[in-house]
Amino acid sequence: MPDRFFEYKKATMEDIEELVRTRMIVLRAANKLSDDVDMSGVEQETYAYYQRTLETGEHIAHLVYDNGRFIGAGGVSFYQVMPTYHNPSGKKAYIMNMYTAPEYRRRGIAFHTLDLLVKAAKNKGISQIALEATDMGRPLYEKYGFVKMENEMELV
(Lines give C-alpha, C1' and ligand atoms only; values in the text may rest on other atoms or scores of the structure.)
Protein backbone atom coordinates (compact mmCIF):
# COMPACT_ATOMS: atom_id res chain seq x y z
CA MET A 1 0.00 0.00 0.00
CA PRO A 2 1.42 3.41 -0.90
CA ASP A 3 2.32 5.88 1.80
CA ARG A 4 -0.89 7.74 2.61
CA PHE A 5 0.88 11.10 2.55
CA PHE A 6 1.64 11.01 -1.16
CA GLU A 7 -0.59 12.99 -3.49
CA TYR A 8 -1.69 11.32 -6.73
CA LYS A 9 -2.83 13.94 -9.22
CA LYS A 10 -4.40 13.33 -12.61
CA ALA A 11 -2.38 15.45 -15.04
CA THR A 12 -3.97 18.39 -16.82
CA MET A 13 -2.80 20.68 -19.60
CA GLU A 14 -1.05 22.77 -16.93
CA ASP A 15 1.22 19.79 -16.14
CA ILE A 16 2.71 19.34 -19.61
CA GLU A 17 6.14 20.72 -18.64
CA GLU A 18 6.39 18.21 -15.77
CA LEU A 19 5.17 15.37 -18.00
CA VAL A 20 7.72 16.16 -20.72
CA ARG A 21 10.55 16.47 -18.18
CA THR A 22 9.60 13.11 -16.68
CA ARG A 23 9.36 11.48 -20.10
CA MET A 24 12.91 12.56 -20.89
CA ILE A 25 14.12 11.06 -17.58
CA VAL A 26 12.34 7.78 -18.36
CA LEU A 27 13.67 7.60 -21.93
CA ARG A 28 17.23 8.34 -20.87
CA ALA A 29 17.08 5.68 -18.14
CA ALA A 30 15.37 3.03 -20.28
CA ASN A 31 17.78 3.56 -23.17
CA LYS A 32 20.85 4.13 -20.98
CA LEU A 33 21.47 7.57 -22.54
CA SER A 34 23.72 10.15 -20.95
CA ASP A 35 22.60 13.73 -20.37
CA ASP A 36 24.70 14.95 -23.31
CA VAL A 37 22.66 12.97 -25.89
CA ASP A 38 20.48 15.45 -27.81
CA MET A 39 16.82 14.67 -27.14
CA SER A 40 15.45 18.04 -28.28
CA GLY A 41 13.51 16.54 -31.20
CA VAL A 42 11.93 13.88 -29.01
CA GLU A 43 11.19 16.49 -26.37
CA GLN A 44 9.43 18.72 -28.90
CA GLU A 45 7.34 15.83 -30.25
CA THR A 46 6.50 14.69 -26.71
CA TYR A 47 5.24 18.17 -25.87
CA ALA A 48 3.01 18.15 -28.98
CA TYR A 49 1.81 14.63 -28.11
CA TYR A 50 0.73 15.66 -24.63
CA GLN A 51 -0.94 18.83 -25.93
CA ARG A 52 -3.01 16.80 -28.36
CA THR A 53 -3.81 13.67 -26.35
CA LEU A 54 -4.51 15.17 -22.93
CA GLU A 55 -7.08 17.40 -24.62
CA THR A 56 -8.80 14.53 -26.45
CA GLY A 57 -8.54 12.00 -23.62
CA GLU A 58 -6.38 9.65 -25.71
CA HIS A 59 -3.83 9.79 -22.91
CA ILE A 60 -4.22 9.93 -19.14
CA ALA A 61 -1.29 10.57 -16.83
CA HIS A 62 -0.90 10.69 -13.08
CA LEU A 63 1.76 12.62 -11.22
CA VAL A 64 2.83 11.77 -7.68
CA TYR A 65 4.02 14.31 -5.12
CA ASP A 66 5.44 14.21 -1.62
CA ASN A 67 4.61 17.53 0.08
CA GLY A 68 4.67 19.29 -3.29
CA ARG A 69 7.86 17.59 -4.51
CA PHE A 70 7.47 15.55 -7.72
CA ILE A 71 8.36 11.89 -7.05
CA GLY A 72 6.60 9.76 -9.67
CA ALA A 73 4.42 9.42 -12.73
CA GLY A 74 2.73 7.04 -15.11
CA GLY A 75 0.57 7.26 -18.19
CA VAL A 76 -1.77 5.27 -20.37
CA SER A 77 -2.55 5.84 -24.04
CA PHE A 78 -5.73 4.62 -25.67
CA TYR A 79 -6.02 3.52 -29.27
CA GLN A 80 -8.21 1.57 -31.66
CA VAL A 81 -7.39 -1.42 -33.83
CA MET A 82 -9.58 -3.61 -35.99
CA PRO A 83 -12.01 -5.69 -33.86
CA THR A 84 -11.05 -9.31 -33.20
CA TYR A 85 -12.70 -12.33 -31.66
CA HIS A 86 -10.92 -11.72 -28.34
CA ASN A 87 -11.37 -7.94 -28.52
CA PRO A 88 -14.66 -7.16 -30.27
CA SER A 89 -14.38 -3.41 -29.64
CA GLY A 90 -10.81 -3.18 -30.94
CA LYS A 91 -10.02 -0.77 -28.09
CA LYS A 92 -6.59 -1.09 -26.51
CA ALA A 93 -4.52 0.66 -23.88
CA TYR A 94 -0.77 0.99 -23.51
CA ILE A 95 0.84 1.82 -20.16
CA MET A 96 3.96 3.96 -20.41
CA ASN A 97 6.20 6.46 -18.71
CA MET A 98 6.16 4.74 -15.33
CA TYR A 99 8.62 6.49 -13.06
CA THR A 100 9.42 6.71 -9.36
CA ALA A 101 12.27 8.80 -7.98
CA PRO A 102 15.03 6.43 -6.84
CA GLU A 103 14.78 7.33 -3.15
CA TYR A 104 11.02 6.55 -3.17
CA ARG A 105 11.14 3.15 -4.85
CA ARG A 106 9.79 -0.02 -3.22
CA ARG A 107 7.11 1.89 -1.30
CA GLY A 108 4.07 0.98 -3.42
CA ILE A 109 3.99 4.21 -5.42
CA ALA A 110 4.39 2.60 -8.86
CA PHE A 111 1.90 -0.14 -7.98
CA HIS A 112 -0.72 2.43 -6.96
CA THR A 113 -0.02 4.55 -10.06
CA LEU A 114 -0.35 1.44 -12.25
CA ASP A 115 -3.62 0.60 -10.55
CA LEU A 116 -5.01 4.09 -11.31
CA LEU A 117 -4.04 3.70 -14.98
CA VAL A 118 -5.49 0.19 -15.33
CA LYS A 119 -8.74 1.34 -13.71
CA ALA A 120 -8.91 4.30 -16.12
CA ALA A 121 -8.62 1.88 -19.04
CA LYS A 122 -11.22 -0.49 -17.63
CA ASN A 123 -13.58 2.45 -17.03
CA LYS A 124 -13.37 3.08 -20.78
CA GLY A 125 -14.37 -0.53 -21.44
CA ILE A 126 -10.85 -1.57 -22.40
CA SER A 127 -9.67 -5.00 -21.37
CA GLN A 128 -6.56 -5.35 -23.55
CA ILE A 129 -3.83 -3.46 -21.74
CA ALA A 130 -0.17 -3.81 -22.67
CA LEU A 131 3.16 -2.32 -21.68
CA GLU A 132 6.87 -2.66 -22.32
CA ALA A 133 8.74 -3.73 -19.19
CA THR A 134 12.30 -2.97 -18.21
CA ASP A 135 14.13 -5.51 -16.07
CA MET A 136 13.55 -3.27 -13.06
CA GLY A 137 9.82 -2.89 -13.73
CA ARG A 138 9.03 -6.50 -14.67
CA PRO A 139 8.47 -7.77 -11.07
CA LEU A 140 5.99 -4.96 -10.41
CA TYR A 141 3.98 -5.71 -13.55
CA GLU A 142 4.01 -9.45 -12.89
CA LYS A 143 2.82 -8.85 -9.33
CA TYR A 144 -0.07 -6.81 -10.76
CA GLY A 145 -0.99 -9.64 -13.14
CA PHE A 146 0.67 -8.75 -16.44
CA VAL A 147 2.09 -11.71 -18.34
CA LYS A 148 4.67 -11.97 -21.12
CA MET A 149 3.10 -11.97 -24.58
CA GLU A 150 3.99 -14.95 -26.74
CA ASN A 151 2.71 -14.09 -30.21
CA GLU A 152 3.66 -10.47 -30.84
CA MET A 153 6.55 -9.55 -33.10
CA GLU A 154 8.17 -6.28 -34.07
CA LEU A 155 9.97 -5.20 -37.22
CA VAL A 156 13.32 -3.61 -36.33
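**Entry 1: Glu 103 and its partner.** I began with Glu 103, which comes out as partly exposed at 44% relative accessibility, and I note here that the model I am reading is a predicted one. Looking for what its side chain meets, I found a salt bridge between Glu 103 and Arg 69, with 2.3 Å from N to O. Because Glu 103 sits in the loop between strand 4 and helix 3 while Arg 69 belongs to strand 3, the pair ties together parts that are 34 residues apart in sequence. Arg 69 is likewise listed as partly exposed, its relative accessible area being 40%.

**Entry 2: other salt bridges.** I then looked up how many salt bridges the model holds, and the count comes to five. One of them joins Asp 115 to Lys 119, whose closest N and O atoms are 2.9 Å apart. I checked where these two residues lie and found both in helix 3, four residues apart, which is about one turn of the helix. Asp 115 has a relative accessible area of 18% and is therefore buried, since the cut-off for that class is under 20%, whereas Lys 119, at 47%, is partly exposed. I also looked up the pair formed by the side chains of Arg 138 and Asp 135, a salt bridge with 3.0 Å from N to O. Here Arg 138 is partly exposed at 34% relative accessibility, and Asp 135 is exposed with a relative accessible area of 66%.

**Entry 3: positive phi without glycine.** I next turned to residues with a positive phi that are not glycine, and recorded Lys 32 at about 55° and Arg 106 at about 70°. Lys 32 is found in the loop between helix 1 (16-30) and helix 2 (40-56), and with a relative accessible area of 75% it is exposed. Arg 106 lies in the loop between strand 4 (91-100) and helix 3 (109-123), where it counts as exposed at 83% relative accessibility.

Conventions:
Residues are numbered from 1 along each chain as its sequence is written. This is a predicted model: local features need pLDDT of at least 70, side-chain atom pairs count only at pLDDT 80 or more; totals for chains, interfaces and linings use all residues. Side-chain values use heavy atoms; hydrogens and water are left out. Buried means under 20% relative accessible area, exposed over 50%, partly exposed in between (1.4 Å probe, protein chains only). A salt bridge is a side-chain nitrogen of Lys or Arg within 4 Å of a carboxyl oxygen of Asp or Glu.
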